[in-house]
Amino acid sequence: MSFLSITRATLEKDIRLEWRSKDAINSMLYFALLVVVIFSHSFDPTAEESRRIAGGLVWVAFLFAAVVALNQTWARELRNQVLDAYRVSPAPATPLFLAKALGNFLFVIILEALMTPLFIIFYNLRAVGPALQLFPIAVFGTWALVVNGTFFAAISLRTRNREIMLPLLLFPFSIPAMMGMVNATTAVLTGEYSARVWIAMLLAYDVVFTVAGLYLFESILDAE
Amino acid sequence: MKRGITILAVVTSIMLCLALYFALAQPDWPLGTPTERTMGYVQRIFYYHVPSAWTAFLLFFINLGASIVYLARRSPKADIVALVSAEVGVVFCTVVLVTGPIWARPVWGIWWDADDIRLQSTLIMWLIYISYLILRRVSTSSLTAVVAAVVAILGALLVPFVFFSIWFYRTQHPSPVIAHGGSLDPHMAFVLLFNWAAFLCLAGLVCWTRYRLEIAKRQVEEAQALESLMETSP
């Protein structure tokens with residue numbers, strides 16, 4: 001079986017499982033809504049201020065929701081020794097990583113698509129700068145969170161405090177990516193400066209950590 | 001080996017005492033250090049802050065090297081060097097992060113500048129290595145060393161992005177100008193380097209002792225595992 005066919009098979013399996021049970025999506029969605037509501041109570045800015053801070057609020061909320069999703073997708077592999085079965089099979093580990101990352105990416109993007117209108121409503125947001133740039137920001141930024149998150153979630157599987165280990169590893173690594181996402185989003189919302197360099201930095205970050213993750217995943221998957 | 005450690009311990013103690021004297025001695029004392037003109041006496045934290053930073057970064061660099069060697073060769077000694085340098089590096093980095101704000105408050109008027117490259121990169125390296133150490137402690141995998149080495153390498157890959165993101169943020173959001181540098185009085189430079197040498201000796205002493213401790217600990221664990229295997233088999 002080729003790399004792409006294994007990736008596709010694993011991705012289809014994950015999407016099918018999620019579609020039938022919908023447990024990750026439902027809990028993530030509700031969690032995201034709660035986060036938006038709590039933020040809107042904690043930070044109650046004027047319209048001018050809200051454009052400045054909305055970028056940060058939105059991406060912090062997405063980061064927390066992504067962590068919930070990431071914890072769930074790998075935990076699914078441990079039930080019924082699915083992960084062990086995969087390791088015993090002759091399939092290489094790298095397509096598994098890519099498929100997991102793509103699946104997580106899909107879930108988090110769906111989540112963002114559903115949460116963004118809520119944020120716009122709660123904070124009365126309107127983009128002063130080029131709103132179309134928000135799409136590459138969302139795509140590159142989400143991939144930055146998800147590719148590292150999937151990798152560290154796999155590492156966290158074999159630890160005593162599985163759920164807390166993922167954020168402990170992911171948050172420091174996400175700091176430059178968060179700076180990129182937040183500043184790019186703020187640039188688009190306020191229209192005060194250009195988001196282009198930040199988008200380019202996010203892309204570079206994505207490339208570097210995707211390649212590193214693909215290359216190193218085999219080593220950590222076998223860390224039984 | 002034992003004699004080497006004893007000699008190093010003696011040398012370290014002497015150097016640390018001398019370094020303390022040089023760092024704190026008033027200019028009118030014998031071999032005293034001049035007090036800085038604008039900052040005054042508080043500037044002397046510099047003799048602890050800067051050498052700690054250099055030592056911490058050196059140790060983190062050693063950790064990166066040991067991690068790469070471990071992934072390439074799977075040598076247990078490389079793994080122990082990685083663990084030891086991370087632990088001692090985190091301690092020195094903590095010193096940097098504590099002495100920095102103590103120095104900054106009287107001199108710059110602020111405890112922390114969120115947009116300073118060196119502050120942020122030091123903070124992020126500290127965070128990554130604390131996560132590294134926690135991972136080592138709570139990992140239940142038998143190949144913890146491999147996983148830890150991978151995390152260390154990913155951490156090294158992160159550093160350029162940290163520098164770039166903060167540098168670029170500064171160009172878009174000019175911050176209060178904080179003057180660094182200027183030239184250093186040669187006597188101050190001597191005290192700085194002497195302190196660094198003393199800290200390097202201290203780091204070497206602690207690392208060496210911790211290395212021997214870790215080797216002994218692993219030998220004990222292996223012996224215990226072997227013993228329990230012997231007991232359970234009929």
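Predicted model: local features only at pLDDT ≥ 70, side-chain atom pairs only at ≥ 80, totals over all residues.
Chain A contains eight helices and zero strands, and its pattern along the sequence reads α-α-α-α-α-α-α-α. The radius of gyration of chain A is 18 Å, close to the 17 Å given by the globule rule for 224 residues, so chain A is as compact as a globular protein of that length. Taken along the principal axes, the C-alpha atoms of chain A fill a box of roughly 55 × 35 × 30 Å. Buried residues account for 46% of the 224 residues of chain A. Where contacts in chain A join residues at least 6 apart in sequence, 84% of them are between residues at least 24 apart.

Chain B is described by six helices and zero strands, arranged along the sequence as α-α-α-α-α-α. The C-alpha trace of chain B spans about 80 × 50 × 25 Å along its principal axes. Of the 234 residues in chain B, 31% are buried. Among the contacts in chain B with a separation of 6 or more, 75% are accounted for by residues 24 or more positions apart.

Helix 7 of chain A comprises residues 162-190, 29 residues in total, and reaches 39 Å from its first C-alpha to its last, close to the 42 Å expected at 1.5 Å a residue. A kink of about 50 degrees is located in this helix at Ile175(A), shortly before the proline Pro176(A). Helix 7 of chain A is mostly covered, with 21 of its 29 residues buried. Just after this helix, Gly191(A) adopts a positive phi of about 70 degrees.

The largest nonpolar core has 122 residues, of which Ala61(A), Ala66(A) and Ala82(B) touch the most other members. The largest share of this core, 14 residues, is contributed by helix 7 of chain A. Apart from residues up to four places away in sequence, Ala82(B) touches Asn63(B), Ala66(B), Ser67(B), Tyr70(B), Ala148(B), Ala149(B) and Ala152(B).

A further position examined in chain A is Phe209(A), which lies in helix 8 (residues 196-221). Phe209(A) counts as buried because 21 other C-beta atoms lie within 10 Å, the threshold being 20 or more. When neighbours within four places in sequence are left aside, Phe209(A) is in contact with Val147(A) and Asn148(A). By contrast, a separation of 35 Å is found between the C-alpha atoms of Phe209(A) and Asn124(A), which are 85 residues apart along the chain.

Notes. Residues numbered from 1 in each chain as written. Chains lettered and ligands numbered in written order. Helix = DSSP H or I, 4+ residues; strand = E, 2+ residues; numbered from the N terminus. Expected span 1.5 Å × (residues − 1). Bend = angle between axes of the 7 residues up to and from the residue. Buried ≥ 20, exposed ≤ 12 C-beta atoms within 10 Å, placed from the backbone. Rg over C-alpha atoms; globule rule 2.2 N^0.38 Å. Contact = placed C-beta atoms within 7 Å. Core = buried A, V, L, I, M, F, W, Y, C linked by C-beta atoms within 7 Å.
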